[in-house]
Amino acid sequence: SRKDPYAGENPDEVLLDVADPQKEKRPGIPDGVRPEIAVMIKDCWAQVAASRPPFEELDRRVKAMDVIQMQSSQILSAGQAEKHKSETARNVLFDVFPRHVAEALVSGRKPQAEMKECVTIFF
């Protein structure tokens with residue numbers, strides 16, 4: 001959804017609640033999220049870092065998903081299906097990655113590696 005999962009809440013309190021093993025505060029999973037994606041999100045929320053899947057595993061899971069079924073279960077003609085597949089794949093890229101990374105992938109370029117001193121990742 002690209003929305004702030006804790007809008008209106010005190011960021012310091014949110015971080016404490018997320019890190020607290022008794023509370024394990026997590027945002028809700030939006031309606032309509034495919035079950036295998038919800039499982040992947042929850043796996044990434046594991047309190048113990050060693051229990052979280054490595055990026056290689058996440059990449060394998062994403063590649064294994066049938067992109068066409070992500071947004072439509074309709075039976076389309078061959079021409080419509082190809083167009084739909086292309087649009088769906090593009091939409092998924094823009095939903096999952098920051099805009100500059102998605103644009104690089106769509107244009108066939110390798111995204112530039114980035115390094116940040118400190119990051120917070122919300123799932």
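The model is predicted, so local features are reported only at pLDDT of at least 70 and side-chain atom pairs only at pLDDT 80 or more, while totals for chains, interfaces and linings use all residues. Residues are numbered from 1 along each chain as its sequence is written, and side-chain values use heavy atoms, with hydrogens and water left out. The chain has six helices and zero strands, where helices (H or I, at least four residues) and strands (E, at least two) are DSSP runs numbered from the N terminus.

**Overall make-up**

- Reading from the N terminus, the order of elements is α-α-α-α-α-α.
- Of the 123 residues in the chain, 17% are buried; here buried means under 20% relative accessible area, exposed means over 50%, and partly exposed lies in between, with a 1.4 Å probe and protein chains only.
- Among contacts in the chain with a separation of 6 or more, 29% are between residues 24 or more positions apart; a contact means heavy atoms within 4.5 Å.

**A salt bridge from Glu9 to Lys25**

- The whole structure holds eight salt bridges, each defined as a side-chain nitrogen of Lys or Arg within 4 Å of a carboxyl oxygen of Asp or Glu.
- One of them pairs Glu9 with Lys25, whose closest N and O atoms are 2.9 Å apart.
- This pair links distant parts of the chain, 16 residues apart: Glu9 sits in the segment before α1 (11-19), and Lys25 in the loop between α1 and α2 (35-44).
- Both partners are partly exposed, Glu9 with a relative accessible area of 37% and Lys25 with 21%.
- Setting aside neighbours within four places in sequence, Glu9 touches Val14 as well as Lys25.

- Where do Glu57 and Arg60 lie relative to each other in helix α3? They are three residues apart in this helix (residues 55-64), so about one helical turn separates them.
- The side chains of Glu57 and Arg60 form a salt bridge, with an N to O distance of 2.7 Å.
- Glu57 is partly exposed at 24% relative accessibility, and Arg60 is partly exposed as well, at 48%.
- Glu57 also forms a salt bridge with Arg61, the closest N and O atoms being 3.1 Å apart.
- Arg61 and Glu57 are four residues apart in α3, again about one turn of the helix.
- Through shared partners, salt bridges join Asp43, Glu57, Arg60 and Arg61 into one network.

**How α2 packs against α3**

- The axes of α2 and α3 come within 11 Å and cross at roughly 175 degrees; axes are lines fitted to C-alpha atoms, for helices over the stretch in contact, and angles run from 0 to 180 degrees between N-to-C directions.
- That crossing makes α2 roughly antiparallel to α3, given that angles over 145 degrees count as roughly antiparallel, under 35 as roughly parallel, 65 to 115 as roughly perpendicular and the rest as oblique.
- Met40, Asp43 and Cys44 of α2 make the contact with Leu58, Arg61 and Val62 of α3.
- By class, this contact has four nonpolar, no polar and two charged residues; Ala, Val, Leu, Ile, Met, Phe, Trp, Tyr, Cys and Pro count as nonpolar, Asp, Glu, Lys and Arg as charged, and the others, Gly among them, as polar.

- In α2, the buried residues are Ala38, Met40, Ile41 and Cys44.
- Down the axis of α2, these buried residues fall within an arc of 160 degrees, so they line one face of the helix; the arc is that of the directions from the helix axis to the C-beta atoms.
- Helix α3 is included in what covers the buried residues of α2.
- On the face of α2 turned away from its buried side are the exposed residues Pro35 and Lys42.
- In helix α6 (residues 99-106), Val101, Ala102 and Ala104 are the buried residues.
- The buried residues of α6 also fall within an arc of 160 degrees down its axis, so they line one face of the helix.

**Backbone points to look at**

- Most residues other than glycine have a negative phi.
- Glu24 has a positive phi, near 45 degrees, in a residue other than glycine.
- Glu24 belongs to the loop between α1 and α2, and is partly exposed with a relative accessible area of 39%.
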